[in-house]
Amino acid sequence: MKSWIVGNWKLNPASVSAVQALVDDLVEGVDAQSTALQNCHIMVAPSLLHLSQVEDILRTKSAAIKLVCQDVSALSAETGAYTGDVSAQQLQDLGVQWAIIGHSERRQYFNEDNDTLLNKMKHCAAQGLGVIFCIGESEADFEAGNTTQVLAEQLTIIADFLQHSEAADADYIANKLIIAYEPVWAIGTGKVPSVEEVTEVHKFIRERLQSFEATLAKTPVLYGGSVKPENAQDFAASEQINGVLVGGAALKADSFLDIAKAFSK
Ligand SMILES: O=C(CO)COP(=O)(O)O
(Lines give C-alpha, C1' and ligand atoms only; values in the text may rest on other atoms or scores of the structure.)
Protein backbone atom coordinates (compact mmCIF):
# COMPACT_ATOMS: atom_id res chain seq x y z
CA MET A 1 0.00 0.00 0.00
CA LYS A 2 1.31 3.48 -0.86
CA SER A 3 1.88 5.77 2.12
CA TRP A 4 -0.08 9.00 2.56
CA ILE A 5 1.92 12.16 3.24
CA VAL A 6 -0.29 15.16 3.93
CA GLY A 7 0.99 18.68 4.58
CA ASN A 8 -1.42 20.76 6.67
CA TRP A 9 -0.30 24.37 6.22
CA LYS A 10 -2.84 25.69 8.77
CA LEU A 11 -2.86 29.52 8.75
CA ASN A 12 0.39 29.75 6.75
CA PRO A 13 2.15 31.19 4.80
CA ALA A 14 1.40 34.92 5.09
CA SER A 15 1.42 35.92 1.43
CA VAL A 16 0.51 34.88 -2.08
CA SER A 17 4.17 35.15 -3.07
CA ALA A 18 5.24 32.83 -0.23
CA VAL A 19 2.60 30.29 -1.32
CA GLN A 20 3.91 30.52 -4.88
CA ALA A 21 7.49 29.91 -3.70
CA LEU A 22 6.49 26.92 -1.53
CA VAL A 23 4.48 25.27 -4.30
CA ASP A 24 7.23 25.93 -6.86
CA ASP A 25 9.75 24.26 -4.54
CA LEU A 26 7.41 21.31 -3.96
CA VAL A 27 6.71 20.80 -7.66
CA GLU A 28 10.41 20.98 -8.47
CA GLY A 29 11.31 18.61 -5.62
CA VAL A 30 8.64 16.04 -6.52
CA ASP A 31 9.69 16.18 -10.15
CA ALA A 32 13.39 15.73 -9.37
CA GLN A 33 12.82 12.89 -6.89
CA SER A 34 9.91 11.11 -8.54
CA THR A 35 11.50 7.65 -8.24
CA ALA A 36 12.30 8.06 -4.55
CA LEU A 37 8.74 9.26 -3.94
CA GLN A 38 6.86 6.77 -6.07
CA ASN A 39 5.35 4.86 -3.15
CA CYS A 40 3.70 7.93 -1.63
CA HIS A 41 0.52 9.88 -2.16
CA ILE A 42 1.62 13.49 -1.66
CA MET A 43 -1.06 15.95 -0.64
CA VAL A 44 -1.12 19.55 0.58
CA ALA A 45 -3.77 21.51 2.47
CA PRO A 46 -3.31 25.27 1.96
CA SER A 47 -5.57 27.83 3.65
CA LEU A 48 -8.99 28.35 2.03
CA LEU A 49 -7.78 31.64 0.62
CA HIS A 50 -4.90 30.01 -1.23
CA LEU A 51 -6.63 26.84 -2.48
CA SER A 52 -7.50 28.26 -5.88
CA GLN A 53 -3.99 29.62 -6.40
CA VAL A 54 -2.40 26.27 -5.51
CA GLU A 55 -4.91 24.38 -7.67
CA ASP A 56 -3.98 26.57 -10.61
CA ILE A 57 -0.28 25.82 -10.21
CA LEU A 58 -0.75 22.08 -9.63
CA ARG A 59 -3.13 21.67 -12.58
CA THR A 60 -0.52 22.95 -14.99
CA LYS A 61 2.65 21.72 -13.31
CA SER A 62 2.13 18.62 -11.15
CA ALA A 63 -0.51 15.94 -11.28
CA ALA A 64 1.40 14.09 -8.57
CA ILE A 65 0.46 16.48 -5.74
CA LYS A 66 -3.16 16.29 -4.61
CA LEU A 67 -5.13 19.11 -3.06
CA VAL A 68 -6.78 18.97 0.37
CA CYS A 69 -8.99 21.52 2.13
CA GLN A 70 -8.53 22.16 5.86
CA ASP A 71 -12.29 22.42 6.44
CA VAL A 72 -15.72 22.18 4.81
CA SER A 73 -19.19 23.55 5.53
CA ALA A 74 -21.35 21.68 8.05
CA LEU A 75 -24.38 23.69 6.95
CA SER A 76 -24.70 22.87 3.27
CA ALA A 77 -23.17 20.36 0.86
CA GLU A 78 -23.96 22.71 -2.03
CA THR A 79 -24.91 26.40 -1.81
CA GLY A 80 -26.88 28.63 0.55
CA ALA A 81 -26.99 31.71 2.78
CA TYR A 82 -24.06 30.77 5.03
CA THR A 83 -21.69 33.73 5.16
CA GLY A 84 -18.04 32.79 5.26
CA ASP A 85 -18.57 29.10 4.55
CA VAL A 86 -17.23 26.94 1.71
CA SER A 87 -19.09 23.82 0.61
CA ALA A 88 -18.02 20.34 -0.45
CA GLN A 89 -19.58 21.00 -3.86
CA GLN A 90 -17.51 24.16 -4.36
CA LEU A 91 -14.34 22.36 -3.29
CA GLN A 92 -15.03 19.40 -5.53
CA ASP A 93 -15.72 21.74 -8.45
CA LEU A 94 -12.40 23.51 -7.89
CA GLY A 95 -10.47 20.22 -8.08
CA VAL A 96 -9.98 19.58 -4.37
CA GLN A 97 -10.03 15.84 -3.62
CA TRP A 98 -9.97 15.60 0.17
CA ALA A 99 -11.01 17.58 3.25
CA ILE A 100 -9.60 17.47 6.78
CA ILE A 101 -12.39 17.09 9.33
CA GLY A 102 -12.18 17.18 13.12
CA HIS A 103 -8.69 18.61 13.52
CA SER A 104 -8.12 19.29 17.22
CA GLU A 105 -7.60 23.00 16.48
CA ARG A 106 -11.11 23.17 14.94
CA ARG A 107 -12.54 21.21 17.86
CA GLN A 108 -10.80 23.51 20.35
CA TYR A 109 -11.07 26.98 18.79
CA PHE A 110 -14.30 26.58 16.82
CA ASN A 111 -16.14 24.32 19.27
CA GLU A 112 -16.83 21.68 16.63
CA ASP A 113 -18.82 18.84 18.17
CA ASN A 114 -19.74 15.39 16.90
CA ASP A 115 -22.97 16.58 15.23
CA THR A 116 -21.08 19.23 13.28
CA LEU A 117 -18.39 16.76 12.25
CA LEU A 118 -20.94 14.18 11.17
CA ASN A 119 -22.66 16.77 8.95
CA LYS A 120 -19.34 17.68 7.39
CA MET A 121 -18.62 14.04 6.70
CA LYS A 122 -22.01 13.50 5.09
CA HIS A 123 -21.52 16.57 2.88
CA CYS A 124 -18.12 15.34 1.73
CA ALA A 125 -19.59 11.91 0.93
CA ALA A 126 -22.48 13.50 -1.00
CA GLN A 127 -19.95 15.29 -3.22
CA GLY A 128 -17.39 12.48 -3.48
CA LEU A 129 -14.82 14.46 -1.51
CA GLY A 130 -12.50 12.24 0.56
CA VAL A 131 -12.31 12.72 4.33
CA ILE A 132 -9.21 12.83 6.51
CA PHE A 133 -10.83 12.43 9.91
CA CYS A 134 -8.63 13.56 12.83
CA ILE A 135 -8.84 12.14 16.33
CA GLY A 136 -6.56 12.47 19.35
CA GLU A 137 -6.45 12.76 23.12
CA SER A 138 -5.39 15.71 25.29
CA GLU A 139 -2.29 15.57 27.47
CA ALA A 140 -4.45 15.12 30.60
CA ASP A 141 -6.23 12.15 29.01
CA PHE A 142 -2.92 10.67 27.90
CA GLU A 143 -1.46 11.02 31.40
CA ALA A 144 -4.60 9.51 32.93
CA GLY A 145 -4.43 6.51 30.58
CA ASN A 146 -7.70 7.47 28.87
CA THR A 147 -6.41 7.53 25.29
CA THR A 148 -8.43 4.62 23.90
CA GLN A 149 -11.57 5.74 25.71
CA VAL A 150 -11.33 9.21 24.12
CA LEU A 151 -10.58 7.80 20.67
CA ALA A 152 -13.47 5.33 20.91
CA GLU A 153 -15.83 8.23 21.62
CA GLN A 154 -14.45 10.28 18.71
CA LEU A 155 -14.76 7.28 16.38
CA THR A 156 -18.48 6.92 17.08
CA ILE A 157 -18.93 9.47 14.27
CA ILE A 158 -17.74 6.86 11.79
CA ALA A 159 -20.29 4.36 13.12
CA ASP A 160 -23.01 7.04 12.90
CA PHE A 161 -21.93 7.91 9.39
CA LEU A 162 -22.11 4.26 8.33
CA GLN A 163 -25.61 3.99 9.76
CA HIS A 164 -26.79 6.97 7.72
CA SER A 165 -25.11 5.95 4.49
CA GLU A 166 -26.63 4.00 1.65
CA ALA A 167 -25.28 0.74 0.27
CA ALA A 168 -24.13 2.82 -2.70
CA ASP A 169 -21.61 4.53 -0.39
CA ALA A 170 -19.61 1.32 0.14
CA ASP A 171 -17.11 2.31 -2.52
CA TYR A 172 -16.77 5.77 -0.99
CA ILE A 173 -16.17 4.33 2.48
CA ALA A 174 -13.59 1.87 1.19
CA ASN A 175 -11.59 4.42 -0.80
CA LYS A 176 -12.24 7.90 0.52
CA LEU A 177 -11.76 7.66 4.25
CA ILE A 178 -8.48 8.21 6.11
CA ILE A 179 -8.05 8.42 9.88
CA ALA A 180 -5.32 10.66 11.31
CA TYR A 181 -4.31 10.01 14.91
CA GLU A 182 -2.95 13.29 16.31
CA PRO A 183 -2.38 13.39 20.07
CA VAL A 184 -3.18 17.01 20.95
CA TRP A 185 -0.13 17.24 23.21
CA ALA A 186 2.21 16.28 20.35
CA ILE A 187 1.00 18.98 17.93
CA GLY A 188 3.58 21.74 17.49
CA THR A 189 5.30 20.86 20.74
CA GLY A 190 8.25 18.71 19.65
CA LYS A 191 6.97 16.00 22.03
CA VAL A 192 6.14 12.70 20.37
CA PRO A 193 4.77 9.40 21.61
CA SER A 194 7.03 6.41 21.01
CA VAL A 195 6.58 4.42 17.82
CA GLU A 196 5.42 1.51 20.01
CA GLU A 197 2.74 3.68 21.60
CA VAL A 198 1.51 4.92 18.22
CA THR A 199 1.54 1.37 16.87
CA GLU A 200 -0.66 0.15 19.73
CA VAL A 201 -3.07 3.06 19.29
CA HIS A 202 -3.32 2.45 15.55
CA LYS A 203 -4.08 -1.22 16.20
CA PHE A 204 -6.87 -0.13 18.51
CA ILE A 205 -8.26 2.30 15.89
CA ARG A 206 -8.18 -0.40 13.23
CA GLU A 207 -9.97 -2.94 15.45
CA ARG A 208 -12.59 -0.37 16.28
CA LEU A 209 -13.15 0.52 12.61
CA GLN A 210 -13.39 -3.15 11.72
CA SER A 211 -16.01 -3.68 14.39
CA PHE A 212 -18.15 -1.10 12.54
CA GLU A 213 -17.62 -2.57 9.08
CA ALA A 214 -15.24 -5.26 7.80
CA THR A 215 -14.02 -3.23 4.79
CA LEU A 216 -12.64 -0.57 7.16
CA ALA A 217 -9.79 -2.94 8.00
CA LYS A 218 -8.02 -1.37 5.01
CA THR A 219 -8.62 2.26 5.99
CA PRO A 220 -5.28 4.11 6.12
CA VAL A 221 -4.39 5.31 9.63
CA LEU A 222 -1.90 8.20 9.70
CA TYR A 223 0.05 9.69 12.59
CA GLY A 224 0.38 13.45 13.16
CA GLY A 225 2.16 15.57 15.78
CA SER A 226 5.72 16.97 15.56
CA VAL A 227 6.71 14.74 12.65
CA LYS A 228 10.10 15.86 11.32
CA PRO A 229 12.67 14.42 8.90
CA GLU A 230 14.62 13.31 12.02
CA ASN A 231 11.85 11.03 13.35
CA ALA A 232 10.01 10.11 10.14
CA GLN A 233 12.11 6.98 9.55
CA ASP A 234 11.13 5.61 12.96
CA PHE A 235 7.40 6.08 12.36
CA ALA A 236 7.75 4.72 8.82
CA ALA A 237 9.17 1.47 10.20
CA SER A 238 5.82 0.53 11.78
CA GLU A 239 3.46 -1.43 9.52
CA GLN A 240 0.59 0.14 11.45
CA ILE A 241 1.49 3.71 10.42
CA ASN A 242 0.29 4.29 6.86
CA GLY A 243 1.57 7.83 6.55
CA VAL A 244 1.68 11.17 8.33
CA LEU A 245 -0.18 14.45 8.69
CA VAL A 246 2.53 17.10 8.94
CA GLY A 247 2.15 20.68 10.21
CA GLY A 248 5.27 22.80 10.77
CA ALA A 249 7.66 20.62 8.76
CA ALA A 250 5.35 20.84 5.72
CA LEU A 251 6.08 24.54 5.32
CA LYS A 252 9.49 23.85 3.75
CA ALA A 253 9.51 21.69 0.63
CA ASP A 254 12.81 20.01 1.58
CA SER A 255 11.74 18.83 5.02
CA PHE A 256 8.28 17.77 3.78
CA LEU A 257 9.75 15.71 0.94
CA ASP A 258 12.43 14.20 3.22
CA ILE A 259 9.57 12.94 5.42
CA ALA A 260 7.80 11.58 2.34
CA LYS A 261 10.94 9.76 1.21
CA ALA A 262 11.18 8.01 4.58
CA PHE A 263 7.67 6.63 3.96
CA SER A 264 8.18 5.74 0.30
CA LYS A 265 8.94 2.10 1.06
O1 LIG B 1 -1.53 19.33 13.57
C2 LIG B 1 -0.71 18.79 12.84
C3 LIG B 1 -1.05 18.41 11.46
O4 LIG B 1 -2.42 18.48 11.23
C5 LIG B 1 0.67 18.53 13.30
O6 LIG B 1 1.33 19.73 13.43
P7 LIG B 1 2.92 19.73 13.73
O8 LIG B 1 3.53 18.80 12.69
O9 LIG B 1 3.32 21.16 13.54
O10 LIG B 1 3.08 19.22 15.10
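Predicted model: local features only at pLDDT ≥ 70, side-chain atom pairs only at ≥ 80, totals over all residues.
Me: What makes a stretch a helix or a strand here?
Reply: Both are DSSP runs numbered from the N terminus: H or I with at least four residues for helices, E with at least two for strands.

Me: Why are α10 and α11 called roughly parallel?
Reply: Helix α10 (residues 229-236) and helix α11 (residues 253-263) pack at an angle of about 20°, and their axes are 8 Å apart. Axes are lines fitted to C-alpha atoms, for helices over the stretch in contact, and angles run from 0 to 180 degrees between N-to-C directions. Angles under 35 degrees count as roughly parallel, over 145 as roughly antiparallel, 65 to 115 as roughly perpendicular and the rest as oblique. The pair α10 and α11 is therefore roughly parallel.

Me: Which residues make that contact, and of what classes are they?
Reply: Pro 229, Ala 232, Gln 233 and Ala 236 of α10 meet Ser 255, Asp 258, Ile 259, Ala 262 and Phe 263 of α11. Contact means that C-beta atoms, placed from the backbone, lie within 7 Å. The residues are six nonpolar, two polar and one charged. Ala, Val, Leu, Ile, Met, Phe, Trp, Tyr, Cys and Pro count as nonpolar, Asp, Glu, Lys and Arg as charged, and the others, Gly among them, as polar.

Me: How do you know that the buried residues of α10 line one face?
Reply: The buried residues of α10 are Ala 232, Phe 235 and Ala 236. Seen down the axis of α10, they fall within an arc of 95°, so they line one face of the helix. The arc is that of the directions from the helix axis to the C-beta atoms. Their cover includes α9 (195-212), β7 (221-224), β8 (243-246) and α11.

Me: Why is Leu 37 called buried?
Reply: A residue is buried if 20 or more other C-beta atoms lie within 10 Å of its own, exposed if 12 or fewer, and partly exposed in between, with C-beta atoms placed from the backbone. Leu 37 has 21 C-beta neighbours inside 10 Å and therefore counts as buried. Leu 37 lies in the loop between α1 and β2 (40-45). Not counting residues up to four places away in sequence, Leu 37 touches Val 30, Ile 42, Leu 257, Ala 260, Lys 261 and Ser 264.

Me: What makes Lys 203 count as buried, exposed or partly exposed?
Reply: Lys 203 has 14 C-beta neighbours inside 10 Å, so it counts as partly exposed. Lys 203 sits in helix α9.

Me: Why are α1 and α2 called roughly parallel?
Reply: The axes of α1 and helix α2 (residues 48-61) come within 10 Å and cross at roughly 30°. By that angle, α1 and α2 are therefore roughly parallel. Val 16, Val 19, Val 23 and Val 27 of α1 contact His 50, Gln 53, Val 54, Ile 57 and Lys 61 of α2.

Me: At what angle does α1 pack on α11, and which residues meet?
Reply: Helix α1 (residues 16-32) and α11 pack at about 40°, with axes 9 Å apart. Leu 22, Asp 25, Leu 26, Gly 29 and Val 30 in α1 meet Ala 253, Asp 254 and Leu 257 in α11.

Note on methods
Residues numbered from 1 in each chain as written. Contact = placed C-beta atoms within 7 Å.
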